[in-house]
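Open the model in your viewer and keep the selection panel handy. We will go from the whole chain down to single contacts, one stop at a time.

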Amino acid sequence: MALTITKIEPADQFGTVTGAAITNIPEPSTYVWSKHDISGQEAGRTITSDAWKNKKAEARSIRMTWNNKDGSVISQVFQAFNHEYMWVTYLDALTGQYERKHFYLAADISATIYTMYNRPQGLWSVADVELIQAVTDKT
């Protein structure tokens with residue numbers, strides 16, 4: 001099972017866990033970790049074109065793809081992440097440790113089928129899931 005994402009706990013927007021933990025997440029083919037700086041209202045450019053970032057918080061995002069997997073694997077992935085909000089225990093590139101943070105499903109999950117030939121559930125060329133941290137880390 002996955003080493004980059006070790007646990008998903010369904011939750012509500014306030015972070016209250018609402019379901020059983022999911023730990024049997026197939027390892028993604030690609031795992032893209034990002035850190036985003038969140039600027040305050042006063043951020044922007046001055047009249048002299050200097051930037052005022054005014055960083056207030058940080059948020060992580062994780063984009064994952066599963067390549068060339070059969071339908072049962074894709075279904076397992078989509079069922080694991082099919083929650084509006086969730087606590088995710090994941091490998092964080094900045095800290096080098098596993099972190100547990102509150103995320104939301106960023107966009108639609110999608111999959112592209114490659115073939116149905118001799119595969120009742122199909123062979124999917126790519127499936128995508130993206131998560132964005134819901135409660136930011138204040139700085």
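Helices and strands here are DSSP runs, numbered from the N terminus; a helix needs at least four residues and a strand at least two. With that in hand, you can find the loop between strand 3 (44-45) and strand 4 (51-52), where Ser-49 lies.

**Stop 1: the whole chain**

Remember throughout that this is a predicted model. Colour by pLDDT to begin: the mean for the protein chain is 90, and 95% of its residues reach 70 or more. Confidence is highest in strand 6, at a mean of 98, and lowest in strand 8, at 79.

Now switch to a cartoon. The protein chain has one helix and ten strands, and from the N terminus the order is β-β-β-β-β-α-β-β-β-β-β. Along its principal axes, the C-alpha trace spans about 65 × 35 × 25 Å. Of the 139 residues, 32% are buried. Among contacts with a separation of 6 or more, 63% are between residues 24 or more positions apart.

**Stop 2: the nonpolar core**

Select Ile-5, Ile-8, Met-64, Trp-66, Phe-81, Val-129 and Leu-131 and show their side chains. These residues have the most contacts inside the largest nonpolar core, a set of 19 residues. Two or more core residues come from each of strand 1 (5-11), strand 5 (55-70), helix 1 (71-81), strand 6 (85-91) and strand 9 (123-133). Which element gives the largest share of this core? That is helix 1, with five residues.

Stay on helix 1 and pick out its buried residues: Gly-71, Ile-74, Val-77, Phe-78, Ala-80 and Phe-81. An α-helix has 3.6 residues a turn, so residues three or four places apart point the same way. To see what covers the buried residues of helix 1, show strands 1, 5, 6 and 9, together with strand 7 (98-105) and strand 8 (110-115), which are all included in that cover.

**Stop 3: from Ile-5 to Tyr-31**

Centre on Ile-5. Beyond its neighbours within four places in sequence, Ile-5 is in contact with Ile-25, Tyr-31, Ile-62, Met-64, Phe-81, Val-88, Thr-89 and Tyr-90.

From that list, move on to Tyr-31, a residue of strand 2 (residues 30-39). Ile-5 and Tyr-31 are 26 residues apart along the chain, and their C-alpha atoms are separated by 9.4 Å. Is Tyr-31 buried, exposed or partly exposed? Its relative accessibility is 23%, so Tyr-31 counts as partly exposed. Look for the backbone oxygen of Leu-91, which the side chain of Tyr-31 reaches at 2.7 Å. Other contacts of Tyr-31 include Thr-4, Ile-62, Arg-63, Met-64 and Tyr-90.

**Stop 4: rings**

The structure holds three aromatic pairs. For one of them, select Tyr-90 and Phe-103: the pair is edge-to-face, with 5.5 Å centre to centre and 90 degrees between the planes. Because Tyr-90 lies in strand 6 and Phe-103 in strand 7, the pair ties together parts that are 13 residues apart in sequence. Tyr-90 counts as buried, at 0% relative accessibility, and Phe-103 is also buried at 0%.

For a charge over a ring, select Arg-100 and Trp-87. Arg-100 lies over the face of Trp-87, at 4.2 Å from the ring centre.

**Stop 5**

Arg-60, in strand 5, is buried at 4% relative accessibility. Its side chain is joined to that of Asp-92 by a polar contact of 2.8 Å.

Thr-65 lies in strand 5 too and is buried at 13% relative accessibility. The side chains of Thr-65 and Thr-30 make a polar contact of 2.2 Å. Contacts of Thr-65 also include Pro-28, Ser-29, Val-126, Ala-127 and Asp-128.

**Stop 6: two backbone angles**

Most residues other than glycine have a negative phi. End at Asn-68, in strand 5. Asn-68 has a positive phi of about 55 degrees and is exposed, with a relative accessible area of 52%.

Notes
Residues numbered from 1 in each chain as written. Predicted model: local features only at pLDDT ≥ 70, side-chain atom pairs only at ≥ 80, totals over all residues. Heavy atoms only, no water. Core = buried A, V, L, I, M, F, W, Y, C linked by side-chain atoms within 4.5 Å. Buried < 20%, exposed > 50% of the residue type's maximum accessible area, 1.4 Å probe, protein only. Contact = heavy atoms within 4.5 Å. Polar contact = N/O pair within 3.5 Å; in protein donor to acceptor, adjacent residues only side chain to side chain. Phe/Tyr/Trp six-rings, centres within 6.5 Å; stacked < 30°, edge-to-face > 60°. Lys NZ or Arg CZ within 6 Å of the ring centre and 35° of its normal. pLDDT = per-residue confidence, 0-100.
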